[in-house]
Amino acid sequence: MADRKVLNKYYPPDFDPTKLPRLRANPVKTFVVRIMAPFNMRCNTCGEYIYKGKKFNSKKEDVMDMDYMGLKIFRFFIKCTRCLAEISFRTDPENTDYVCEQGATRNFQAHDFAEQEERRLAKMEKEDEANPMKVLEKRTKESKNEMDVIDALEELKDLNARNASASIDTMLDEVTAKKTPEELADEEDARIAREIFEEKRKSVKRLAEEATKESDDVNDISNFQLTTKEKEKASELPSTKKSKLSGLVVRKKKNLPDKPPDPTTTSVSNLGPTNNPPSVSSGLSLVSAYSDSD
């Protein structure tokens, strides 16, 4: 334990420090840092999607053969969360972005693409303004494109004018002129057969309509006969009832004023009683009398 705390160590007299082997240090220093995925990517090995902002324990190193205006460029190594395949990407200070190098494919991002395209066009415009020959070439190309567009428009106008002047009859004549006699004969046969079938269909339809009309007429006649019979029966019923009840119902007689007595009748009544038997009132007369009573 005491040997480790000494400050001076023993060197033999024949010690030569130049003969000691020198260790070569790795010029690329790596560090383990905690980083978030800077963009959405997909692993090329297993197809796993890695979204932007996912945290990883990555290895960070300096890129020795690349820099941008004296700024260092760093490379990061991460592992896929599913298959543990190595994925590397580096910084891009020129575009203030990251570049995926290996192990994964960056997903398409529309806004990044639009920004890159704007920067590219702006750079090209600056280069063109600086070079007068390029400006002249650009103008000549634009004038040539304008002439081509004008020629195409004129051709379209001529084509539309020809189509407007053409009629349907002329077009049909041209089509029929191109057809062979065999094709024309086949079309004529097809037309005749179509007309025959159309006539047969119309005749069948007409027969069906006539049959339906006849059935409707028969139904109307039978219904009319039934209604007439019912009316006859209805007219007979009250007459029979009246004949049956005619003997039971007696009309009420009106009260006439008193007449003076006839002398002949008084003389006959005074002679004495007659031999006629007394009248017997039947039950029907009683009923009628009862009905006439107030």
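Helices here are DSSP runs of H or I with at least four residues, strands are runs of E with at least two, and both are numbered from the N terminus. This is a predicted model, in which local features need pLDDT of at least 70 and side-chain atom pairs count only at pLDDT 80 or more, while totals for chains, interfaces and linings use all residues. Residues are numbered from 1 along each chain as its sequence is written, and side-chain values use heavy atoms, with hydrogens and water left out.

**View 1. A patch of negative charge sits on the surface.** Asp158 counts as partly exposed because its relative accessibility is 47% (buried means under 20% relative accessible area, exposed over 50%, partly exposed in between, with a 1.4 Å probe and protein chains only). Patches take residues with over 30% relative accessible area and no salt bridge, joining like charges within 9 Å and nonpolar side chains (Val, Leu, Ile, Met, Phe, Trp, Tyr) within 5 Å. Asp and Glu count as negative, Lys and Arg as positive, and His and the chain ends are not counted. Each charge is placed at NZ of Lys, CZ of Arg, CG of Asp or CD of Glu.

**View 2. Tyr11, Phe15 and Leu20 make a nonpolar surface patch.** This patch covers about 340 Å², an accessible area from the Shrake-Rupley method with a 1.4 Å probe, where for residues only the protein chains shown count as cover. Look for Tyr11 in the segment before β1 (30-36). With 57% relative accessibility, Tyr11 counts as exposed.

**View 3. Arg82 and Glu48 form a salt bridge.** Their closest N and O atoms are 3.7 Å apart. The pair links distant parts of the chain, 34 residues apart: Arg82 is in the loop between β5 (71-79) and β6 (86-92), and Glu48 is in the loop between β2 (41-43) and β3 (49-50). Arg82 is exposed, at 58% relative accessible area, whereas Glu48 is partly exposed, at 25%. A salt bridge here is a side-chain nitrogen of Lys or Arg within 4 Å of a carboxyl oxygen of Asp or Glu. The structure holds nine of them.

**View 4. A salt bridge joins Glu117 and Arg120 in helix α1.** The closest N and O atoms of this pair are 2.3 Å apart. Both residues lie in helix α1 (residues 110-130), three residues apart, which is about one turn of the helix. Glu117 is partly exposed at 27% relative accessibility, and Arg120 is partly exposed at 40%.

**View 5. The side chains of Arg191 and Glu188 meet in a salt bridge.** The N to O distance is 2.1 Å. Arg191 and Glu188 are separated by about one helical turn because they are three residues apart in helix α4 (residues 181-245). Arg191 counts as partly exposed at 33% relative accessibility, and so does Glu188 at 35%.

**View 6. Salt bridges link Glu61, Arg75, Arg90 and Glu101 in a network.** Stepping back from these four residues, you can follow the chain through six helices and eight strands. From the N terminus on, the elements run β-β-β-β-β-β-β-β-α-α-α-α-α-α. Of the 294 residues, 11% count as buried.
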